[in-house]
Amino acid sequence: MLTKILVPYDGSKYSIKALTRVIELAHNLDSEIFLFSVIYLDYISPPGMLGLTKLKSEKETIKKWRESVMAYSEKMLKIAIKRCNEKGISASYHITCGNVTNEILKFAKRKNISLIVIGSHGLHGIGKLKTLGSTSRKVSELAKCPVLLVR
């Protein structure tokens with residue numbers, strides 16, 4: 001039974017569509033929804049030898065950026081949770097930092113997720129390419145539970 005549904009959520013139109021589908025599913029199946037957001041710091045981290053050559057000012061800038069993105073992500077996820085609660089669906093959220101695919105898969109395993117519903121594309125990448133997003137592709141290939149891709 002699909003009792004625990006994971007929705008990787010980044011606020012993109014595809015993750016919003018994925019959440020809409022999950023709300024429909026969860027309502028009919030009495031499932032719990034886990035919204036999950038991953039902050040990938042390597043996008044803004046300047047190059048260096050394993051971070052050893054970063055200046056103090058660079059580290060402070062990265063810390064401020066991380067805090068800002070965490071606050072934005074939390075606000076975005078709280079809005080999505082409210083949307084679920086208004087439909088009578090139990091939902092929670094979690095935010096972490098790291099490699100997006102790896103963190104999604106680790107969370108799914110740790111929480112014994114029965115279904116992952118993920119948007120076919122996220123916020124990163126080239127939107128004009130009509131191929132499956134790298135994160136959704138990797139999750140669909142490596143997950144130990146069923147994965148539903150939403151386009």
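This is a predicted model: local features need pLDDT of at least 70, side-chain atom pairs count only at pLDDT 80 or more; totals for chains, interfaces and linings use all residues.
Modeller: Residues are numbered from 1 along each chain as its sequence is written, and side-chain values use heavy atoms, leaving out hydrogens and water.

Colleague: How do you know that the span of helix 2 agrees with its 31 residues?

Modeller: Helices are DSSP runs of H or I with at least four residues, and strands are runs of E with at least two, numbered from the N terminus. The expected span is 1.5 Å times one less than the number of residues. For helix 2 (residues 56–86) that gives 45 Å, and the end C-alpha atoms are 45 Å apart, so the two agree.

Colleague: Which residues of helix 4 are buried, and why are they said to line one face?

Modeller: Buried means under 20% relative accessible area, exposed over 50%, and partly exposed in between (1.4 Å probe, protein chains only). In helix 4 (residues 134–142), Thr135, Ser136 and Val139 are buried. Their arc, taken from the directions from the helix axis to the C-beta atoms, is within 95°, so they line one face.

Colleague: What makes the pair of phenylalanine 34 and phenylalanine 107 edge-to-face?

Modeller: Rings of Phe, Tyr and Trp (its six-membered ring) pair if their centres lie within 6.5 Å; planes under 30 degrees apart are stacked, over 60 edge-to-face, the rest tilted. Here the centres are 6.0 Å apart and the planes at 70°, so the pair is edge-to-face. Phenylalanine 36 and phenylalanine 107, at 4.5 Å and 25°, are stacked.
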